[in-house]
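Here are a few friendly notes to read alongside the structure. Take the points one at a time, and find each residue in the viewer as you go.

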Amino acid sequence: MLQINMADVMNVIGSLTPYLIAIGVLFVLALIITFAVNKKTVKEVATRKIIHSESWLVALVGIVVAVSMMLSGPLSTLLNNATITKYMLSDTTVSKANELAKEVQSEAITMLKNDDSNLPLASKKVNVFGWGSTNPVYGGTGSGSMSDQYSDSLISDAKSFSDEAVVVLTRVGGEGADLPMNMKAEGITYENNSKDYEDFKDGESFLQLSQTERDMLDLVTKNFNKVTLVYNGANTFQFDFLNDYPQIKSVVWCPPAGQTGFSALGDVLAGDTNPSGKTSDTFLKDLTQSVSYNNFGKFEYTNMEDKAAKYTGFTGDEVTAIPGFVNYSEGIYVGYKFYETAAAEGAIDYDSMVAFPFGYGLSYTTFEQKLNDVTYKDGKVTVDVTVTNTGDTAGKDVVEVYYNPPYTEGGIEKASANLVGFEKTEKLEPGASEDVTVEFEDDDMASYDYKNAKAYVLEKGDYNISINSDSHTVIGSKKITVDDTITYDSDSNTHNGDQTVATNQFDDAAGDVTYLSRAGHFANYKEATAAPTNFEMSDKAKETFYNNTNYDPSQFNDDSDEMPTTGAKNGLRLADMYGKDYDDADWEKLLDELTFDDMDNLIANGGYGTPAVSSVGKIQLTDADGPASLNNNFTGVGSIGFPASTAFACTWNKDLAKQFGEMIGDMAHDMHVAGWYAPAMNIHRNAFSGRTFEYFSEDGLLSGVMASNEIAGAKEKGVYSFMKHFALNDQETKRTEMLCTWTNEQAMREIYLKPFEMSVKEGGAQAVMSAFNYIGNTYAGGNNVLLNTVLRDEWGFKGFVLTDYFGGYGYQNGDQEIRNGNDSMLATTKITNHITDKSATSVKAMRTAAHNILYTAANSWQYADGEPKVATPIWKTAMYVAWGVTAILVIALEALAIKRYMDRKKAKAEVTA
């Protein structure tokens with residue numbers, strides 16, 4: 001999500017212009033009126049003691065009125081935010097947050113290799129190399145110089161000190177840009193290194209060793225026989241070089257550690273903490289062999305010039321955007337689901353392709369996992385496992401449960417390995433055991449058949465249930481049998497607690513894409529994963545492609561709609577609605593009280609909080625940015641920065657995710673924050689995504705478990721979380737330039753929507769941030785089937801949907817969005833966020849949007865004890881004082897004017913007499 005930029009500033013200035021003109025006009029009118037009343041000419045006024053009291057009176061009143069109008073309009077929200085009290089974190093909260101952050105990172109650090117028990121390094125002297133050791137990656141976006149120079153004398157001194165070396169490599173990503181897939185071709189530079197791209201050969205990516213880094217490894221491994229490599233970054237690095245350096249005995253992955261987590265790395269390397277992290281993604285030896293490699297990045301349509309959109313960019317310059325696209329041609333075969341299935345089908349050489357599997361991680365001790373039993377009864381599968389620490393060091397282990405479903409050639413697409421549940425043990429002392437139970441419903445193994453049944457289907461047959469040390473290595477397995485095929489296609493038999501039947505809603509989003517199929521041992525792999533060759537949007541898709549060049553709300557009005565009641569005086573306050581059901585009859589009475597302007601203000605001005613509505617006692621609420629912390633973009637106050645979401649996924653510890661959500665709640669109370677722009681749960685579809693650090697994993701279930709627990713924890717504290725970015729915002733390239741994302745419904749439901757679905761059903765999500773991209777040919781923030789049919793009708797979501805940053809971008813339009821389930825605009829200035837159509841259809845949509853926003857606000861912690869008391873902002877107090885002074889001056893000046901008039905009248909009478 002973006003923040004205030006130069007375009008915003010220009011918009012603010014532009015929005016104030018009419019008011020400034022009004023002040024000038026009023027002042028001139030005041031002078032004209034004064035001249036007329038006093039029957040003076042301009043020349044006479046100029047030669048006297050500058051105008052009479054009446055002119056000052058009229059001018060002063062005019063100016064005060066105009067300024068008051070301005071303050072109650074575009075500047076009110078700006079001033080409220082600028083003058084909001086800077087609530088700070090308490091020392092107790094800071095202390096607890098720091099402790100939790102370190103604990104999270106302690107369990108996130110993942111040991112990938114440890115030959116000859118090279119680690120831990122306790123009681124060993126160590127030489128450290130690599131600029132990243134002094135300039136690590138805390139989260140996303142930052143610095144990480146790749147230049148190192150070591151003199152002969154330095155190396156000589158280091159060798160005499162120790163034969164042990166640690167090399168640190170860092171990579172950083174950030175919002176707004178994906179990582180370079182070809183450094184040389186793209187001419188990419190970082191920080192002050194003006195020619196970083198020259199450090200790479202043509203075709204080499206940012207996630208490979210640079211020449212400088214390779215030279216450093218050559219130097220270090222030539223002089224040291226025991227080397228530990230620490231990789232600090234969120235994006236999976238290309239570990240194709242490890243066999244070239246047998247001296248690299250150990251490899252440790254340290255995901256971005258946040259503000260206080262890096263001390264955990266030292267503890268792990270020293271052996272004070274036993275690493276228990278597991279990979280959240282598959283590490284490949286050659287990223288160009290990724291199943292999504294050719295269908296990731298910048299692709300623009302060649303037949304959409306007539307739909308080009310112009311908008312003001314962050315620098316204040318005008319930008320012309322051409323719609324683009326990305327094809328999710330791999331379908332459901334994302335990450336390990338492809339590599340494991342392709343290996344099972346004999347389509348790839350797994351060992352030559354995969355460096356480290358999904359769910360993989362080593363320990364300083366050894367564990368034995370015994371699969372005791374797998375039972376299947378009344379639709380529930382129960383897996384009982386005993387975990388024993390068979391080594392000599394205390395530590396934690398993860399029980400990972402996968403299923404392998406029956407697959408029919410040419411039938412519903414299915415992966416051979418699917419994570420279905422997991423649990424992390426407590427800390428086990430040497431020799432100690434723990435019984436672990438993992439339970440899941442049988443419909444968690446159902447597949448979505450978008451071609452035939454158009455519903456979720458649990459096919460009959462044998463399902464292999466296994467416990468694995470990672471996605472590739474089976475420890476033990478047992479089969480269960482589903483006797484009859486179950487199709488979840490009726491209201492009495494819905495999938496996973498759906499409120500209405502899940503059926504095809506996104507047929508149009510499939511486009512003209514050839515999707516990867518398991519049939520014939522992935523016979524169409526070459527065709528399906530090739531780079532796109534068709535750069536034209538189909539005529540059918542173009543017919544219903546909308547942006548601000550062709551969207552007209554009046555074309556979508558329904559003449560049968562009746563105008564709702566507005567501005568009623570029913571006496572209800574928002575505080576009266578705390579704890580009441582969404583459908584409680586009192587909501588209609590409260591909504592009747594809102595005026596058109598009340599609703600428009602709520603809808604259009606949702607940037608970093610929801611505005612006040614005095615008529616119903618709605619106070620201004622502040623929402624803070626995330627997902628690794630809380631950041632108030634107006635006060636500048638921020639909370640403790642936690643490890644990145646990828647680090648949380650590497651812990652495989654749902655309890656830590658829940659504790660983090662609770663800590664967000666505590667920090668939100670201290671900072672007087674109501675909502676949290678997080679967690680972010682898009683999928684690590686491709687290693688080069690710039691925003692990988694904000695997202696959890698390549699797996700929908702792992703992402704969903706972590707996200708839903710964070711949301712549930714925050715909700716317990718009365719803080720609503722904006723799960724984001726809904727949906728399919730899995731790359732940064734062209735994300736604000738009408739990026740049409742094409743995928744089939746099975747992939748959407750099984751992979752990309754799954755974390756959001758879990759967050760609603762299991763986490764109790766109360767707020768959503770929609771995505772920048774289009775799904776098929778429809779903007780996600782204006783997609784009715786996504787935001788209403790699926791989110792609300794199927795999943796039962798109750799709350800409000802907010803856009804990602806509202807920069808206009810040539811396609812964001814408040815009228816379109818409220819009619820399709822997006823209730824509020826994350827806007828800080830006036831552009832296309834306000835509602836311009838005042839038809840009954842529009843006002844009905846506004847009323848629904850206001851209901852969703854107010855329902856969420858009413859159930860936040862700030863309304864738990866009744867209507868909140870809010871101090872009057874300083875600027876309003878100053879305005880009230882100005883009004884008082886003006887009133888006194890009006891009375892005094894008018895009294896003076898009357899006295900002068902009476903004196904003139906008396907003098908004239910005396911002269912006449």
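Predicted model: local features only at pLDDT ≥ 70, side-chain atom pairs only at ≥ 80, totals over all residues.

**Notes on the model**

1. Strand β12 (residues 380-389) pairs with β11 in the antiparallel sense, over ten bridges. To find one of these contacts, look at leucine 371, whose bridge partner in β12 is valine 385. Strands of a sheet pair through backbone hydrogen bonds, either parallel or antiparallel.

2. Now widen the view. The order β11-β12-β15 makes an open sheet of three strands, with antiparallel pairing. Which strands stand at the edges? They are β11 (367-377) and β15 (433-441); each has a single partner strand, so one side of each is left without a neighbour in the sheet. From one strand to the next, the twist averages 15°.

3. Next, the spaces inside. Four cavities of 30 Å³ or more turn up in a search of the whole structure, and the largest cavity holds about 190 Å³ of space. It is lined by 19 residues, of which Thr282, His684, Asn686, Ala687 and Glu698 are the closest to its centre. The lining of the largest cavity divides into seven nonpolar, nine polar and three charged residues.

4. Finally, the cysteines. A disulfide is a covalent bond between the sulfur atoms of two cysteines. The count here comes to zero disulfides. Cysteine 254 is buried, with a relative accessible area of 1%, and cysteine 650 is buried, with a value of 0%.

Definitions and conventions. Residues numbered from 1 in each chain as written. Heavy atoms only, no water. Pairing = 2+ DSSP bridges. Helix = DSSP H or I, 4+ residues; strand = E, 2+ residues; numbered from the N terminus. Axes fitted to C-alpha atoms, helices over the stretch in contact; angles between N-to-C directions. 1 Å grid on protein atoms, 1.4 Å probe; cavity = no way out; pocket = protein on both sides within 12 Å on 5 of 7 lines; lining within 4 Å. Points joined across faces, edges and corners; volume = space filled by probe spheres on them. Nonpolar A, V, L, I, M, F, W, Y, C, P; charged D, E, K, R; others polar. Disulfide = S-S within 2.5 Å. Buried < 20%, exposed > 50% of the residue type's maximum accessible area, 1.4 Å probe, protein only.
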